[in-house]
Amino acid sequence: MFTFSDKGHKVFATVTGRLTENTDPTVVERLWNPFIGAWYEGKDDPKLVLLRFDPDQAEIWDSGNALVAGAKILLSSDPGESMKDRVAHVNY
């Protein structure tokens, strides 16, 4: 799972899926560059691991005004009730 929040805290997302190790040398070759090379002892370095994330589903929230949502939480109001139409569910 990973989560995301934009700089202004108006858009949030949670994505779930499967994380697997990818050892395909053609992928390493395609992604290799001098910046990556500075951290490793070559493309065959055993410390080099590629991770692949395949998403299953995501949930995205457009909070609109984060200040209003925060005030609702402080006042024990359920911000989820007023945000029902601002949430997207995505299945892959």
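## Arg52 and its salt bridge

Arg52 is partly exposed, with a relative accessible area of 45% (buried denotes under 20%, exposed over 50%, and partly exposed the range in between, with a 1.4 Å probe and protein chains only). Arg52 is joined to Asp54 by a salt bridge in which the closest N and O atoms lie 2.9 Å apart (a side-chain nitrogen of Lys or Arg within 4 Å of a carboxyl oxygen of Asp or Glu). Asp54 also counts as partly exposed, at 29% relative accessibility.

The model is a predicted one, in which local features require pLDDT of at least 70 and side-chain atom pairs count only at pLDDT 80 or more, while totals for chains, interfaces and linings use all residues. Residues are numbered from 1 along each chain as its sequence is written, and side-chain values use heavy atoms, with hydrogens and water left out.

## The second salt bridge

The structure holds two salt bridges.

## Overall architecture

The chain contains four helices and four strands, arranged along the sequence as β-β-α-α-β-α-α-β. These elements are DSSP runs numbered from the N terminus (helices H or I, at least four residues; strands E, at least two).

Of the 92 residues of the chain, 15% count as buried. The accessible surface comes to about 7,400 Å², and carbon and sulfur atoms account for 58% of this area (Shrake-Rupley method with a 1.4 Å probe; for residues, only the protein chains shown count as cover). Among contacts in the chain with a separation of 6 or more, 67% join residues 24 or more positions apart (contact means heavy atoms within 4.5 Å).

## The antiparallel sheet

The four strands form an open sheet in the order β1-β2-β3-β4, with antiparallel pairing (two strands pair if DSSP finds at least two bridges between them). Strands β1 and β4 (87-91) stand at the edges with a single partner strand each, so one side of each has no neighbour in the sheet. Neighbouring strands are turned by 30° against each other on average, direction ignored (the axes are lines fitted to C-alpha atoms, for helices over the stretch in contact, with angles from 0 to 180 degrees between N-to-C directions).

Four bridges connect β1 and β2 in the antiparallel sense. Within this pairing, Phe2 stands opposite Val15, and the bridge partner of Phe4 is Ala13. The antiparallel pairing of β2 and β3 extends over 12 bridges, and Asn22 stands opposite Leu50 in β3.

## Hairpin turn and loop

Strands β1 and β2 form a hairpin with five residues between them. His9, in the loop between these strands, has a phi near 55°, a positive value in a residue other than glycine. Most residues other than glycine have a negative phi. His9 counts as partly exposed, at 44% relative accessibility.

Thr23 occupies the loop between β2 (11-22) and α1 and is exposed, with a relative accessible area of 61%. The C-alpha atoms of Thr23 and Leu48 are 9.2 Å apart, although the two residues are separated by 25 residues in sequence.

Thr14 lies in strand β2 and is buried, with a relative accessible area of 18%. Leaving aside residues up to four places away in sequence, Thr14 touches Met1, Phe2, Thr3, Gln57, Ala58, Glu59 and Trp61.

Phe2, one of these neighbours, is in strand β1 (residues 2-5) and is partly exposed at 41% relative accessible area. Phe2 also contributes to a nonpolar surface patch with Phe4, Val11, Ile60, Val90 and Tyr92, which together have about 530 Å² of accessible area. Patches are made of residues with over 30% relative accessible area and no salt bridge, like charges being joined within 9 Å and nonpolar side chains (Val, Leu, Ile, Met, Phe, Trp, Tyr) within 5 Å.
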